[in-house]
Amino acid sequence: MARTTPEIPNASMADIAFLLLTFFLVTTTMPNNSGLSIALPPPPEATPPDEVKIQERNMFKIQVNSSDALLIEGVPREDISDLKEEIKTFVLNNGRNPESSDTPEKAIVSFKTDRGTSHKRFIQLLDIIQAAYYDIYAEQAGVTNAKFREAASDLSIPQNKEIYDKGRAGIPLNISIADPTKVGN
Amino acid sequence: MSKFKKKNQVKQEIPTSSMPDVVFMLLFFFMVTTELRETSIEVKQGIPRATQLRKLMRKSLVANLYIGEPTKPALYGKEPKIQADDVFIEAKDIVRWVNEKKSELPENEREQITVSLKVDRDAKRGLISDVEIELRKANARKLLYSTLQEKDEAK
């Protein structure tokens, strides 16, 4: 007697798998949990209006108006390719140039926008300011910029913490994002 | 003459027996690396690009806010709106929303909540700064402006 072994037909298996694959392709998103990280200041009413006088020389002022035009240290500017280097020299001035910052601790990059400034412009400039700081940190820690940011993202690993602390030593991330002015909306 | 004998005609076929395996492999890849879409986003999301990205490691501590023009202007108008989970909220509701999000976390991690702002590139600073002020009031001060990686990363 010819015994036929029972078999599950598997010709359609690929089709089923494709169907599942398309389902997952359509319904899922790649998680995007990266971006420009900042820390907000404490709540407005919790901080008493402190009369701390910040010397003019310790402020690097970047202002953007409602039509995304730029004012750097009071001078209108179109080309922003050198801005990163300017911020770096400003922060690391250490009192050499009497017009520029005293120490990296005192140096503040002040970034003021208008209510009408677009988010795209805001991100573009914030990116440049952060790039300047991360470059300084990375150099001080002796790693590349990308490596430093990777380390800063996960401080639970001791080596990362070490790199982070070494890079940040003596140079706080003084980026002040001021409340926007109310010209445009 | 026989040197240039015609090759015997063998039917060329791509073996398909391993196709299910290949497809399953792809399937598993997508199942593992992606997440199910929890909310349908009703605002425009043209996320800007930047170079200096930082990654958030703990996904459970992240709360997302979507800001942009509604994708259905006929229903919701053209003004940029804030979407939290599945609903549009006003800036003044953010404190309550943050507290809800915090209460979902274990007690010792509540203060580590990070708000990820997914903002359309054409949204205006005014609305975003209103959100920031509310977040400061709600004491959720870790903030991330969600951006994509700029392709030509200047080192």
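Which residue of E3(B) does Gly35(A) stand opposite? In this predicted model, the residue that stands opposite Gly35(A) is Arg54(B), in E3(B).

**A sheet built from both chains**

The strand from chain A takes its place in an open sheet of seven strands with mixed pairing, whose order is E3(B)-E2(A)-E8(B)-E7(B)-E4(B)-E5(B)-E6(B). At the edges stand E3 and strand E6 (87-89) of chain B, and because each has a single partner strand, one side of each is left without a neighbour in the sheet. Within the sheet, strand E4 of chain B (residues 62-68) and strand E7 of chain B (residues 114-119) run parallel and are joined by six bridges; in this pair, Ala63(B) has Val115(B) of E7(B) as its bridge partner. As a general point, side chains in a regular strand alternate between the two faces of the sheet.

**The contact between the chains**

The contact draws on 54 residues of chain A and 53 residues of chain B. Together the two chains bury about 5200 Å² between them, and 60% of that area lies on carbon and sulfur atoms. On the side of chain A, the residues that lose the most area to chain B are Asn33(A), Leu40(A) and His119(A), which together account for 15% of what that side buries.

Polar interactions also cross the interface, where 24 residue pairs are found in polar contact, both residues being at pLDDT 80 or more. The elements of chain A that each supply at least two residues to the side touching chain B are helix H1 (13-27), strand E1 (28-29), strand E2 (34-39), strand E6 (108-114), helix H3 (119-141), helix H4 (145-153) and strand E7 (175-181). Among these, H1(A) gives the largest share, with 10 residues.

One salt bridge is found across the interface of chain A and chain B. A salt bridge links the side chains of Arg115(A) and Asp130(B), at 2.9 Å from N to O.

**Chain A on its own**

The secondary structure of chain A amounts to five helices and seven strands, and from the N terminus on its elements follow the order α-β-β-β-β-β-α-β-α-α-α-β. Chain A has a radius of gyration of 26 Å, well over the 16 Å that the globule rule gives for 185 residues, so chain A is more spread out than a compact globule. Taken along the principal axes, the box filled by its C-alpha atoms is roughly 105 × 45 × 40 Å.

Strand E3 of chain A (residues 59-64) pairs with E6(A) in the parallel sense and with strand E4 of chain A (residues 70-72) in the antiparallel sense. The table sets out these two pairings.

| Strand pair | Sense | Bridges | Residues standing opposite |
|---|---|---|---|
| E3(A) and E6(A) | parallel | five bridges | Phe60(A) and Val109(A) |
| E3(A) and E4(A) | antiparallel | three bridges | Gln63(A) and Leu71(A) |

E3(A) and E4(A) form a hairpin with five residues between the strands, and in this hairpin Asp68(A) takes a positive phi near 65 degrees.

Definitions and conventions
Residues numbered from 1 in each chain as written. Chains lettered and ligands numbered in written order. Predicted model: local features only at pLDDT ≥ 70, side-chain atom pairs only at ≥ 80, totals over all residues. Heavy atoms only, no water. Contact = heavy atoms within 4.5 Å. Buried area = accessible area lost by both parts, 1.4 Å probe. Salt bridge = Lys/Arg side-chain N within 4 Å of Asp/Glu carboxyl O. Polar contact = N/O pair within 3.5 Å; in protein donor to acceptor, adjacent residues only side chain to side chain. Helix = DSSP H or I, 4+ residues; strand = E, 2+ residues; numbered from the N terminus. Pairing = 2+ DSSP bridges. Rg over C-alpha atoms; globule rule 2.2 N^0.38 Å.
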